[in-house]
Amino acid sequence: MKKIEISRRKFLQGSVTLCVYATSSLSSTIDISHTQKNHIENIPYLCNMCRNKCAGFARVVDNKVEKLNPNRYFPKSRNMLCPKGNAGIDALYDRDRLKYPLIRIGKRGDGRYKRVTWDEAYEYIKDKLVTIIDEEKDNRSTIAYCNGEGFNKDEYIKFFGSKMGSANFLDEGSICLNTKLGATQLTIGDVGEMDVAGSDYLIISGANRYESLITPDSVDMIHTKQKLVVLDPRCTVTALKADEYLPLNPGTDLAFCLSMIYIAITEKLYDKKYVKEYFKDFDKLQKHIVENKYTAEWAESKTHIPSKKIEQITKEFFGAKNPLYYLGRRSVWAQNDFQLRRAMVLINALAGSINREGGIIFGKPFVLKEEEINEPFYNASGGRFDLDGIVYGSQKGGSWLNFREKVINKTTPYPVRAMFIRKHNIMQNMPNIAKTKQMLNMMDLVVVLDTMPSDTAMLADVILPECTYLEREDMVVSFNRLEPSLALRNQVIKPLYESRSMQDILKGLGQKLSKPLFEISAKYDEDLQESIKDMGMRKAFKEGGYDFTELYKKSVEDRNKDLIVAQFGKDIYSSLKNKGVWHPYIEEEKELYNDYYEYYPKEKRFYTVKRDYKVNCYLQKLQKSGFDPMPTWHKHYDFVLPQNSFRLITGRYVTSTQTATTNNIMLKEFKEKNYVWINNKVAKNLNINEGDYLVLSSAVDSVVIQAYPTNKIAPQVLWFAHGFGTSSEELTNAYGKGASDNMIIEDKFEKIYGCATMHETNITIRKL
Amino acid sequence: MANYGMAFDYKLCINCHACEVACKEENGIDLGAKNHRLWIQEDGEAEGDFWNLDRDKINFMQMQCQECQDAPCLKACPNGAIYVDNNGIVRLHKERCDLTLACMKACPYEARYIDERNHVTDKCIFCADTRLARGETTTACQITCPAKLRYFGDLDDEESEISKVLRERKHFTLKPELGTKPKLFYLE
């Protein structure tokens, strides 16, 4: 049993027990000579197998999707589809999909549901909501709602936030990248975009761009001949492919960054002209960094990276023409994450790599006009409480861990009694699953909109089956800043079974809920009572914006047409329908080599735009709140572990997107389950061999997982991939396979953005 | 009519499996890791201690039928089921195959597997009965690859991209000592 994590083929070849119970696609059952007479279409669509939204063409034969191919016209995805994108067919035709509306008939979590009609499901939700909102005297914030999918998120917020009136919206931001977004925004006034393709020297801390693909970054790294330096406590594929791999202690990237800043300042390597023109409080930064003596020797003692190497990399970075320190994405590792991301932004700024080729660019994205809606005002609705104790926090999505903690401790200012959960597997996506379960069990109503019977869906009272991305048209989206484009997700086939698009689901809900909920407001809201007196019931309802279906008077297709034609014209609408994409140079695209294209001519790209901004070294608000105003190292950031403990870090395989793809029959065959990486020498000392079952225990829980001893991980570190260990028996391909990281990750969060810190859990191991 | 071959800019591979999934989806290959027309083989290992890893010996190699011009499988088949089609691709008369497995044993590249549904041996045929049959000029693996490292085209056409890249860059074939004359090339 060798190389279980590496060579699938050679390892599995001898195994005769592999299931061959399904063919990979429907195409195998169709004779080619026959298909030529059939109705064949190539329909442009946007992928949704992960957050990237790459563009493809779906080959459809007689309303069956046979093959997904890359779309050459989209600058973002560069004419490629990744393994997950290719396996989208298997998400569409997954036999375990949610097919019909379901209402729970057993106890929560025991998996017993009955099939109902859409109307019965809506009616059930209405009855529960009317009771809850009436009992809460029209405080709409008693309903929390969350969404884990990028597309349609704003519409979802419009429905439950603007129309229904709840302040409690949660999304993936606080368990993903809000510190990075915030750090960039607060330091240079914009979240920006990283121009990987334009950089000639690229440093990446931890982000595993070759196994966690981001378009166009991952693709650009392959096609650009820049020098790549990777820091990681695990030798990932990205590290394997790097020109220089710097193994380091987990959570010490900030020490490396501080040392880079120290060397740049003391040796005057930084871009003096840029610093003079754009930096605010540079003197404070200089004093702080120099006084703290963040030397290369100091950083070596924290990171385990030799000081000579730190000096060499720093000199190369600041000597390069277009250096870029990559800011990461799924980024929140430890308490210092916000200041870590800020240190990275400052390094880029010191090199002058802001608003220019190869740096963090502002660019010029297309700004789509918003569809305006009439928003009611609810006097009784309570405000957000998830930001209590958080310095900044996201204006949009709440801090999940802070929110959950307050709900289960009953320290919320008002009771939260209902949750609407869309495409957000909260039972797997945040640390300490037991607490999420506890929170859901406190709800009087849990409604899940999803395509799959996820762990979260199996705790719902009502399950509403949403269709997959291949079965719906979505509203047009503006992508990117350097080479901006518009892209449209066209409908490839009609929704299967009784599934519906989110818009259709919300329309149905809105028709059912608008009037009864309006009546509750009329009962409690004095302003509304006055309006009714003044203008009558009907007019008060209409002009007050209480009709939840306002956005859905027209189909998504018609809304798109109206919006795009009005703002951009008919030709662009037609490009979006026929090619799925539009940008100004779409007719002039040049093939560089082997089906790899140039999109915007270089001189037309928005590397540098006119922008009045400053680089903020010092954040006063943080200082006033008792936090570091500048990136600072603290003793408790040191990588020190209790005896016989390991630090757990997580990541994922190239073939999985969190838990969303865990049941995909095609992807499953590449990584059927996860293994825990443990340093080979450590494993030898502990008599742990490949495939041995280990119990990993943290302060919150334990899991059982098989071992993969390797020299590619640091001695005191354990790693296993996120996205496995599902508890839903309805996911028949995934159930019982591997372990769930969030079972054992402790639910700590940093206080600048309220983000879960995923790499602060210590683990002990026991061999079974 | 063409003489198809493929060249790999193999060092660009990040082992993302897109080619493998695209192949299976396009050609309807059975699930299961042993059923495949192509695969990526991780050659070599990272050597040494974690803090001083030697990563140089690791390569991701694109493996599939090497389209030998002197194909051992063709010569080995007792039923004469294997032939070269007019695009220069080694193919199979499915009805003549009775699973003697002689071709599998003869292939020095382990390129064939047993297609359990059709009861024949199968291998990469450059999407000959899917994409090429529909008049397309790309293979599923080539077009989906994020690295665009697979050059596919007509070796007899001097103007084809593969011909140009083979003229311009050094390349090697697998197990040249066997004299099989593969039409798959690995670019240095």
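Please keep in mind that the model is predicted. In chain A, four strands make up an open sheet with parallel pairing, and elsewhere in the chain strand β24 has six of its six residues buried. Chain B meets chain A through 42 of its own residues.

**The open parallel sheet of chain A**

- Reading across the sheet, the strand order is β11-β10-β9-β13 in chain A, and the pairing is parallel.
- The edges belong to β11 (244-247) and β13 (323-326) of chain A; each has a single partner strand, so one side of each has no neighbour in the sheet.
- On average, neighbouring strands of this sheet are turned by 15 degrees against each other, direction ignored.
- Strand β9 (residues 201-205) of chain A pairs with β13(A) in the parallel sense, and four bridges link the two.
- Helix α14 (residues 307-319) of chain A lies across β9, β10 (227-232), β11 and β13 of chain A. The helix runs at about 135 degrees to β9(A).

**The buried strand β24 of chain A**

- Strand β24 covers residues 646-651 of chain A, and because six of its six residues are buried, the strand is largely enclosed by the rest of the structure.
- In a regular strand, side chains alternate between the two faces of the sheet.
- Both faces of β24(A) are covered: one side carries Phe646(A), Leu648(A) and Thr650(A), the other Arg647(A), Ile649(A) and Gly651(A), and all of these are buried.
- One partner of β24(A) is strand β29 (residues 761-767) of chain A, paired in the antiparallel sense over three bridges. Here Leu648(A) stands opposite Thr761(A) of β29(A).
- Another partner is strand β28 (residues 717-721) of chain A, which runs parallel to β24(A) and is joined to it by five bridges. In this pairing, Arg647(A) has Val717(A) of β28(A) as its bridge partner.

**Where chain B touches chain A**

- The contact involves 42 residues of chain B and 52 residues of chain A.
- On the chain B side, the elements giving two or more residues are α1 (18-27), β2 (38-43) and α4 (140-144) of chain B.
- Of these, α1(B) gives the most to the side that touches chain A, with six residues.
- By residue class, this side of chain B divides into 21 nonpolar, nine polar and twelve charged residues.

Key: Residues numbered from 1 in each chain as written. Chains lettered and ligands numbered in written order. Predicted model: local features only at pLDDT ≥ 70, side-chain atom pairs only at ≥ 80, totals over all residues. Pairing = 2+ DSSP bridges. Axes fitted to C-alpha atoms, helices over the stretch in contact; angles between N-to-C directions. Contact = placed C-beta atoms within 7 Å. Nonpolar A, V, L, I, M, F, W, Y, C, P; charged D, E, K, R; others polar. Buried ≥ 20, exposed ≤ 12 C-beta atoms within 10 Å, placed from the backbone.
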